[in-house]
Each structure stands twice: as structure tokens, then as C-alpha cells.
Amino acid sequence: MPISFSDQAERSETEPRARELSKIAGLLRITLTLTLGLLAIWLIGDVLAVIFASALVAIVLHGLARMLRRHVSVIPYQGAVALVTVVILVALFSLGWYSGPAISDQFIRLKQALITQSGELRTHLSGSTLGQMVLDHLPSSLGGNAASNASLGSLGSGLAGSVTGLLSSVFGILGTLLVVLIAGLYFALSPAVYIDGVLRLVPTQHRPAARELMLTAGSTLWAWTAGQALDMLVVGMLSGIGLSLIGIPLALALGVVAGLCNFIPYIGAILGAVPAVLLGLSLGTHEALFVGILYCVIQFFEGNVLAPLIQRRAVHMPPALAILSQTVFGSILGAPGLILASPITAALLAMGDKATAPLEDENQTRRAVGEVTEEEEKEEKQQE
């Protein structure tokens, strides 16, 4: 039994002081961790984007392999991942073989048509005072006259460029995609190896909680990605069919663009509609108006009917938070940050929801701000 030479009064004074010092040390650790994380995002954000994209690919392959093993349990896990990968590659190759020439031809024609139409639109805007004002405030990357300013400092850009120069200059976009796919495949083949490797960096007493948070983020990303893929498919098909019925040329390519852009919530809907509206303007004002109405109807259906149905298992992401996350990650990482902002935010929200205790009364704040009355709350509970 240990012997203490301090009396009871001295221990009563030192124990509260030790607890206070322990709290301060905990706050300092959290602050240091957040600071290092933000510094890493600022300096090597492009590399982190590639790592996260690879993890997203791995989560998709892992989820499909687990679905396959539920129906065919005799297949080992690595065999299921390999089989899923082969099926995806064969499907993509078949699509490119049979529909690739038509799609590529439409995309080439779409690019030429958009260049022509944007030049005509710029000429039309230059003829009026209001249009000239719009061009003066529009960045040069979008066809305007305003010079684009770098959003990152020279130090961060230089360090990030030195680290990611291999990806950007030698490999290019296609090479980066190849790196993401290969790394994602290796992640999916042995996910426990990489998860345990990260857990070794976590203090022993926090490893069970860290493992649970990582698994929660993975399941949330799988639900979000699966739902988003279905959402993109439906939006692309509806856009292509609707544009062909209106009589807009290159409806197939425009439908593909609308579906792909829908991976980015809210902002992607605008990006997907712009090419179709520009082509509609080349045919006439009425056609452009019909195109705008079509995309509004599709997005209304997608936002109020389709997305709530297919994303009910994923974490709920408030619209304002989704748009702000796209702004923040887009300003830091550029186009990759804009594309990956929603899944990153979904994973962070799921981990935060798992790590924090729920509120005792979830409707207390809603009642306090007047968002819901007691009668409406009772009606909601009865409907549930």
C-alpha cells in the first residue's frame, strides 16, 4: 500500500489544481490538433483531396462487395472486391464501346456550340450599359473582364505546388484519376490494415471511440454516395428526355452534364442548367424559357421528392451548411474541394453526431425561436 507524506489539507488543495491543469492540457491538445489539421489542409490540401477521393472509391467498392457477400456468402471478401471491380470496368468499357463515339461526338459539338453562343452573348452584353457592368464584374475565367485573384497565399501555393507537382504536371487529370482508382482499390482490398494504422496514432484509451467514429463516417459516406449516384442517374435521364422533347439539340450530352453536375448539391444544379439555357437561347427566347422551366421542375422534384427518399439513411445536411462548406472547401482546394465538399461535410456531421450527446428536448429551440408552436408539435408527433 503506498504511503503518502502529505496531509489531508494539502491533498485537498492540490487535487482541484491538478484537475484544472488537466482541463487546460486537454484544451491545449485539442487546439493544437485543430491548428495542425488546418495547417495541413492549407499546405497540402491537394494531396488530402486525393486521399479522401481514394477513400470514397474504396467505400463504394467495399459497400458493393458487402452487398454481394450477403447474397453469395461463399465468395471471400477480397474476391468480392475483385469481382465488383471487374464488373464495373466491363460495364464502363461496354458503355464506351457502344455509346462512346456518339457521346464524344455530342460533347465536341456541345463545346463548339457553347463557345459560339458565349461569344454571341458577350457581344450582346457589351452593347448595353448594364451588360458592360456585368462583364466588368465577371471573372475572366467565366468570360468577363475582371482579373482573377488567388485565394491562397504565395507560401501555401508554393508548398502545395511542390508537393503535388507530380500529380498536376506529369500525370495530369487522367493520371490523378488513375492514382485515385488504384489507391481506392488497395484501400478496399484491406480496409482493416489502413484503419488500424490510423488507430495506432490515437492514444490507447481513445482507440475504441476513434474506431467507432471512423466506421460511422464510412457507413455514412456509403449511404450518401449510393443515394447520390441514384439521384444523378434520375436527374440526368429526366434532363435528357425533357430537352429532347423541347427540341434542344445535343440532349444526350446535356443530360450527362446535368447528371454529373448534380453530384454537387445546389450549385451543381445551376452549373448543369447553364449549358442547356445557352443552347436554348441560340434557338430562341421561348426555347430558353422552356429549358429554364424544365430544370426548375426537375430540381423541385429532386429536392422535395427524390432526395428525401433516397437520402433518408444518410446524415441530414442543412442547405446553408452545404453551401457554406462548398464555399470554404472550394476556396481552399479549388475544383476538387467544390466537388468533395458535400461528402466531407456529411462525414464530419456523422462523426460529430456520434461523438456528442443528443439534446434532451430537440424541439425546445424550435419553440423558442417560433419555428413551431406546441399545437404544431403535437400534430407532428401524432403524424409520426
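**Figure 1. Accessible surface and overall make-up of the chain.** The accessible surface of the chain is about 24800 Å², and carbon and sulfur atoms hold 69% of that area; accessible areas come from the Shrake-Rupley method with a 1.4 Å probe, and for residues only the protein chains shown count as cover. The model is predicted, so local features need pLDDT of at least 70 and side-chain atom pairs pLDDT 80 or more, whereas totals for chains, interfaces and linings use all residues. Residues are numbered from 1 along each chain as its sequence is written, and side-chain values use heavy atoms, without hydrogens and water. The chain has 13 helices and zero strands (DSSP runs numbered from the N terminus: helices are H or I of at least four residues, strands E of at least two). Of the 384 residues in the chain, 29% are buried (buried is under 20% relative accessible area, exposed over 50%, partly exposed in between, with a 1.4 Å probe and protein chains only). Among contacts with a separation of 6 or more, 64% join residues 24 or more positions apart; a contact means heavy atoms within 4.5 Å.

Figure 2. Helix 10 spans residues 319-333 and includes Gln326. The relative accessible area of Gln326 is 1%, so Gln326 counts as buried. Beyond its neighbours within four places in sequence, Gln326 is in contact with Ile264, Pro265 and Ile267, and also with Leu338, Ala341 and Ser342.

Figure 3. Helix 7 (residues 251-261) is largely enclosed by the rest of the structure, because eight of its 11 residues are buried. These buried residues are Ala251, Ala253, Leu254, Gly255, Val257, Ala258, Gly259 and Cys261. Cys261 has a relative accessible area of 18%, whereas Cys296 is exposed at 56%. The whole structure contains zero disulfides (pairs of cysteine sulfur atoms within 2.5 Å).

**Figure 4. A nonpolar surface patch on helices 4 and 5****.** Leu178, Ile182, Tyr186, Val193 and Tyr194 make up the patch, with about 510 Å² of accessible area together. Helix 4 (154-189) and helix 5 (191-199) each give two or more residues to it, and helix 4 gives the most, with three. Ile182 lies in helix 4 and is partly exposed, because its relative accessibility is 40%. Patches are made of residues with over 30% relative accessible area and no salt bridge, with like charges joined within 9 Å and nonpolar side chains (Val, Leu, Ile, Met, Phe, Trp, Tyr) within 5 Å. A salt bridge is a side-chain nitrogen of Lys or Arg within 4 Å of a carboxyl oxygen of Asp or Glu.
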